[in-house]
Amino acid sequence: MNPDRTAFFEKLQTTGRLWAYGERDSAERVLFFAEYLWHPDQALHNMALVEIGLAPYERVRPLGGRYSTEQIVSELNDLNRFACRSAAIRLLGLKTDPHARSVIRSGFAKSLKSGGFNGYEWALAGIEAENTSAIRAIGLALQNPQRASEDKKLLIRALTEAGSTQPRLRPEAVRTLSEALTGNSDLAVQIAVGTRGWGRTVLHQQFEALAAEEETDPATQFMINFVLGTELSTE
């Protein structure tokens, strides 16, 4: 145990008392660990990256571009640091310089084409860089019948989180989600839950129609009705 780690754990014991056990949806927790990103002690840096990778995106986004693009890209390109790619892509998406945007566009395009690991993070980064253009590109990818169901769910997650953190993007996100929902009722619950804080949109008509269909499985009907009922009670 070196002095830096001792100081870290002492501070964690004091500050961590303010967080509920296991809670990651805490702005204070994210800010605490963000201070240790690219710390000279690699273990502290690793711990911080894991936290940033697991924290809700709405808590990570306020970090903005406080870390250099060179640091993030170096982390991203290190094949031995695969477990840290999630956090690196998230942080890269918050950068606005030409180098960062070039890497984001390339990674986003490859991810949309091939799917696979980190599809959610690349989609978020792509939306940060390209806004509605990226949302439309995701919409096209969602219409591909050959795309794996799990890949589609990752893209849906990115769309709903982008719309939740950036309300100005919601109109385009709603259009894209509405198109994805048509003929893909298995996405209904995820879309309903992900957009439940957006107010009443055209999606609600689709949710209500699905919930009323006898062919819709009972679990989906229950969850849709639950989400719709919760929203109505808060309006």
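Reply: Start where D4, R5 and F8 of α1 meet A43, L44 and M47 of α3, contact being heavy atoms within 4.5 Å. Bear in mind that this is a predicted model, where local features need pLDDT of at least 70 and side-chain atom pairs count only at pLDDT 80 or more, while totals for chains, interfaces and linings use all residues. Residues are numbered from 1 along each chain as its sequence is written, and side-chain values use heavy atoms, with hydrogens and water left out.

By class, that α1–α3 contact has four nonpolar, two charged and no polar residues. (Nonpolar is Ala, Val, Leu, Ile, Met, Phe, Trp, Tyr, Cys and Pro; charged is Asp, Glu, Lys and Arg; the others, Gly among them, are polar.) Helices α1 (residues 3-15) and α3 (residues 42-54) pack at about 35°, their axes 9 Å apart. Helices here are DSSP runs of H or I, at least four residues, numbered from the N terminus; axes are lines fitted to C-alpha atoms over the stretch in contact, and angles run from 0 to 180 degrees between N-to-C directions.

Now over to α9 (residues 132-142), whose buried residues are A134, I135, I138, G139, A141 and L142, buried meaning under 20% relative accessible area with a 1.4 Å probe, protein chains only. They span an arc of only 160° around the axis, so they sit on the same side of α9; the arc is taken from the directions from the helix axis to the C-beta atoms. Their cover includes α7 (98-114), α8 (119-130), α10 (149-165) and α11 (170-181).

A cavity is a set of points, on a 1 Å grid over the protein atoms alone, where a 1.4 Å probe fits but cannot get out; a pocket is an open set with protein on both sides within 12 Å along at least five of seven lines; lining residues have an atom within 4 Å of a point. Volume is the space filled by probe spheres set on the points, which are joined across faces, edges and corners. Residues lining the largest cavity include S111, Y120, R147 and D151. α7, α8 and α10 each supply at least two lining residues, with the largest share, three, from α10.

α10 turns up again at the largest pocket, of about 170 Å³, giving the most to its lining with four residues. That lining includes R157, E161, S164 and T165, and by class has four nonpolar, two polar and five charged residues.

How values were computed
Buried means under 20% relative accessible area, exposed over 50%, partly exposed in between (1.4 Å probe, protein chains only).
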